[in-house]
Amino acid sequence: MKVLVIGSGYVGLVAAACFAEGGNWILGVDVDAAKVARLQKGECPIFEPGLEELFKKHLEAGNLTFSTDMKDGIAHADAAFICVGTPQSEDGSADLKFVLAVAAQIGQAMALRPKDAKPLIVVDKSTVPVGTAARVHAAIAAETDRAFEVVSNPEFLREGSALEDFLKPDRVVVGCQSNHAEAVMKALYAPFLEGPQRVDPKGGKWFRMDPASAEMTKYAANAMLALRISFMNEMARLAEAVGADIDHVKVAIGADHRIGPAFLNPGPGFGGSCFPKDLQALLRTGREHGEPLLTLSATVEANRQQKQVLLRKLKAHFGVKAGDPAPLKGKRFALWGLAFKANTDDTRESMAIELIDGLIALGSEVIVHDFEAMPPVRAKIGDRVIYAEDPMKAAKGADALLIATEWAQYKASDLEALGAALKAKVMFDGRNLFRPEAMAKAGWTYHSIGRGSVKP
Ligand code: NAD
């Protein structure tokens, strides 16, 4: 099949490379000419495990190309995926300006399609509020009388394991109105769904529904996951207050099959390019329809507070008093992890950035390390912090270490060497990478999430 993938970010690039792997001819389109130039040279502009190899393989094979111009692609395509950003507007709603601009461009290019061509399947893969498929339809129809259908196909990939998620999905949700649209979508996804039963509309991993339900499914999934995180973060705070250990609580509740073990880790508050903006968009949709979403408002508020948790522990440890304008002047803190989670270079809404702001506001110096996310942070905040080449260099001479991202390499650190590099063996671990008893035994003052602080 001939497929256009419009938008070459985290979702668009992964979709383009994976659909190429599925045996299709793919044209990736982006407005960012510099990005397209890099892509054409085989340079992957983002870090995502395995993506560069897969995308280069198909670039070299010739079944994946990139352009800033979608016209030729539209003329011959079976399907066009819209994978552009849907950032948060000032009022919290999803800003659809990129999606609707692409829809209008698709509509204008439709004149190049042969009159007897099969309907173009235009797929909303961006995360968009209920009703967007209808708006995209109207935006295209305003420009053309050629046949097309708009399908909603929300994306559930997780940054850091995006290829695995795309190539072996838990489920594929397709909101469409015709059998032709479903057949095109099935042909594209069939290679990733093992066995014919998985594309059986009656079950398996294939979920056909109306576009509005598909649009809502994406938000409902993200809202449920965010709620789970905020719930566990609150339980962690309570565990500390009552002298319980959240690790024990977590595994024991996770053994209940109605709850399940995934997504129960407490942490320093969620961030990333999806949860914060998607929750705001869903809250907004609720308000617009007179259905306030109270659990979601609480999830957002709990997360706002959780993002202060490491700083609160640090202030308590160093005896910071209210009213002192620069209580940590002369202190230097090492911060490991800048991306909002491990295995990505994405720092959008990362709590590490809030932590940096907080530490600097208290007068301290911050030296940071991340395995992939230092370039985007440098682009965002420049020289407000010092960038270290490796984790040990960051720790050297620092008054304490803070951990914001759960990179496996941090967990595998030589704690003895780390303790020797720091001025004092003090750690604020937002990801519970170590066991408190072992840390105390090894001479550390160790603060983590939901397990009570320990001293040597
Ligand atoms: P991104 O910001 O990484 O990429 C978007 C790309 O679209 C950019 O390269 C931008 O230049 C391009 N673009 C903007 N306007 C364009 C136009 N008119 N024509 C062509 N290209 C254009 O965004 P992303 O993280 O890939 O997210 C895209 C969508 O997918 C969002 O709605 C997001 O919520 C959703 N989503 C993201 C993830 C994720 O983990 N990142 C997961 C699931 C769903």
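The exercises below work through the domains, the nonpolar cores and one threonine of this predicted model.

Residues are numbered from 1 along each chain as its sequence is written, and side-chain values use heavy atoms, with hydrogens and water left out. Because the model is predicted, local features need pLDDT of at least 70 and side-chain atom pairs count only at pLDDT 80 or more, while totals for chains, interfaces and linings use all residues.

**Exercise 1.** Describe how domain 1 and domain 3 meet.

Solution. Begin with the division of the protein chain into domain 1 (2-209), domain 2 (219-305) and domain 3 (308-454), with bounds that come from an automatic or database domain assignment. Taken over C-alpha atoms, the centres of domain 1 and domain 3 are separated by 39 Å, and 9 residues of domain 1 are in contact with 10 residues of domain 3, where contact means heavy atoms within 4.5 Å.

Next, take the buried area (the accessible area, with a 1.4 Å probe, that two parts lose on being put together, summed over both). Between these domains it is about 650 Å², and carbon and sulfur atoms give 44% of it. Tyr10, Phe47 and Glu159 supply 79% of the area that domain 1 buries against domain 3, more than any other three residues.

Finally, look for a salt bridge (a side-chain nitrogen of Lys or Arg within 4 Å of a carboxyl oxygen of Asp or Glu). The count between domain 1 and domain 3 is 1; arginine 348 and glutamate 159 are joined by a salt bridge through their side chains, at 3.8 Å from N to O.

**Exercise 2.** Identify the residues that touch the most other members of the largest nonpolar core.

Solution. A nonpolar core is a set of buried Ala, Val, Leu, Ile, Met, Phe, Trp, Tyr and Cys residues joined through side-chain atoms within 4.5 Å, and buried means under 20% relative accessible area, with a 1.4 Å probe and protein chains only. A second, separate core of 35 residues includes Leu328, Leu359, Ala400 and Ala404.

**Exercise 3.** Determine whether threonine 132 is buried or exposed, and what its side chain reaches.

Solution. Threonine 132 counts as buried because its relative accessibility is 1%. Its side chain reaches the backbone oxygen of proline 129 at 2.6 Å. Leaving out residues up to four places away in sequence, threonine 132 touches Leu96, Val99, Asp124 and Glu215.

Terms used: Buried means under 20% relative accessible area, exposed over 50%, partly exposed in between (1.4 Å probe, protein chains only). A polar contact is a pair of N or O atoms within 3.5 Å; within protein, one must be able to donate a hydrogen and the other to accept it, and residues adjacent in sequence count only if both atoms are side-chain atoms.
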